[in-house]
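This briefing is meant for someone meeting the structure for the first time.

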Amino acid sequence: RSAQEMKHMENISSMLQGSSPGEYQRLDPRLEREAVAAPGERPWEMIMDKKHFKLWRRPIEGTHLYQYRVFGSYTDVTPRQFFNVQLDTEYRKKWDSLVIKLDVIERDLATGSEVIHWVTHFPYPMYSRDYVYVRRYSVDKENNLMVLVSRAVEHPSVPEDPEYVRVRTYESQMVIRPHKTFDENGFDYLLTYSDNPQTVFPRYCVSWMVSSGMPDFLEKLHTAALKAKKMEIEVRDYMSAKPIESGGGEGKASVAAAEHKSDGTCSPAQLEYA
């Protein structure tokens with residue numbers, strides 16, 4: 001499905017391309033809403049149109065919330081760098097000033113799926129929010145595609161903390177398509193996102209926070225990828241990580257157990273660096 005949605009957006013993007021690189025021709029707003037939505041989908045409303053990305057939203061049926069979609073391009077970093085910087089939790093603690101806590105709680109050794117506990121600052125006067133979510137990624141070298149999906153889960157190791165507001169509804173999907181290869185500059189990306197931050201503010205306030213915060217986060221992510229490239233900062237190379245055989249067991253381990261299983265040898269959860 002991720003690949004299909006990316007292909008659809010690429011077709012729309014080529015249809016909107018102007019005569020010069022980076023230029024877009026404008027469609028009638030109604031036609032553009034219908035074009036962006038895949039067949040059978042509810043239409044999207046464009047709320048931001050910048051040089052490097054476009055941002056849409058649409059109401060989530062039966063709620064006061066929106067789902068958001070960003071389609072954009074970068075030409076100065078490689079897909080591998082952009083992908084790895086998103087996944088490396090230790091590096092994110094350094095470049096994302098909103099992070100209060102970001103820890104891998106559990107890793108499935110067979111699939112690479114990880115349960116993450118993320119605590120983040122929210123604008124004053126709101127309380128900080130915490131998320132417990134599972135994420136899984138896939139690199140499809142045959143079709144030149146990278147996918148990272150996340151969704152909220154419950155986990156017994158992370159009970160609710162009265163200091164934070166627990167966000168229980170959260171879904172995110174990032175698809176990356178290299179212009180050439182995974183290690184050459186240039187790629188398109190498609191981010192589809194929704195969550196329920198459980199605020200008492202009206203929908204338009206929440207929409208404003210998300211629609212202004214998301215481009216800001218993407219730009220910080222892009223800058224962090226550039227910084228890692230120029231300063232040769234070590235970032236885990238998730239493309240090189242291979243699923244681990246579980247040996248007939250359940251294939252799950254707490255990160256602490258996996259990383260301290262034995263002294264002087266590589267742990268099952270260890271990843272290569274690039």
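The protein exposes about 15000 Å², and carbon and sulfur atoms supply 52% of that area. The model shown here is predicted, and the protein in it has 6 helices and 11 strands. Of its 274 residues, 48% are buried. When contacts between residues at least 6 apart in sequence are considered, 58% of them join residues at least 24 apart.

**The nonpolar cores**

- The largest nonpolar core has 45 residues, and within it Phe83, Val85 and Tyr189 are the ones that touch the most other members.
- Helix α5, which covers residues 203-231, gives the most to this core, contributing 7 residues.
- Another core lies apart from it and has 9 residues, including Met6, Met9, Leu145 and Val175.

**Helix α3 and Val85**

- Helix α3, made up of residues 79-87, is mostly covered, since 8 of its 9 residues are buried.
- The buried residues of α3 are Pro79, Arg80, Phe82, Phe83, Asn84, Val85, Gln86 and Leu87.
- Val85 lies in helix α3, and because its relative accessibility is 1%, Val85 counts as buried.
- If residues up to four places away in sequence are not counted, Val85 touches Tyr91, Trp95, Leu221, Ala224, Ala225, Ala228 and Val235.

- Sorted by class, the lining of the second largest pocket holds 7 nonpolar, 10 polar and 10 charged residues.

- Leaving aside neighbours within four places in sequence, Ser172 is in contact with Leu148, Val149, Ser150, Leu191, Thr192 and Tyr193.
- The C-alpha atoms of Ser172 and Ser194 are separated by 6.6 Å, although these two residues are 22 residues apart along the chain.
- Gln67 lies in strand β3, and Gln67 is buried because its relative accessible area is 18%.
- The contacts of Gln67, leaving aside its neighbours within four places in sequence, are with Trp44, Trp56, Arg57, Arg58, Ile60, Thr192, Tyr193 and Ser194.

**Residues in loops**

- Asn196 is placed in the loop between β10 and α5, and because its relative accessibility is 19%, Asn196 counts as buried.
- Apart from neighbours within four places in sequence, Asn196 is in contact with Leu65, Val167 and Thr169.
- His155 is found in the loop between β7 and β8, the latter being residues 165-167, and His155 counts as buried because its relative accessibility is 14%.
- Not counting residues up to four places away in sequence, His155 touches Ile105, Glu106, Val115 and Val132.
- Val132 is 23 residues from His155 along the chain, and the C-alpha atoms of the two are separated by 7.3 Å.
- Asn144 is found in the loop between β6 and β7, and the phi of Asn144 is near 55°, a positive value in a residue other than glycine.
- As background to that angle, most residues other than glycine have a negative phi.

Technical notes. Residues are numbered from 1 along each chain as its sequence is written. This is a predicted model: local features need pLDDT of at least 70, side-chain atom pairs count only at pLDDT 80 or more; totals for chains, interfaces and linings use all residues. Side-chain values use heavy atoms; hydrogens and water are left out. Ala, Val, Leu, Ile, Met, Phe, Trp, Tyr, Cys and Pro count as nonpolar, Asp, Glu, Lys and Arg as charged, and the others, Gly among them, as polar. Buried means under 20% relative accessible area, exposed over 50%, partly exposed in between (1.4 Å probe, protein chains only). Helices (H or I, at least four residues) and strands (E, at least two) are DSSP runs, numbered from the N terminus. Contact means heavy atoms within 4.5 Å. Accessible areas come from the Shrake-Rupley method with a 1.4 Å probe; for residues, only the protein chains shown count as cover. A nonpolar core is a set of buried Ala, Val, Leu, Ile, Met, Phe, Trp, Tyr and Cys residues joined through side-chain atoms within 4.5 Å.
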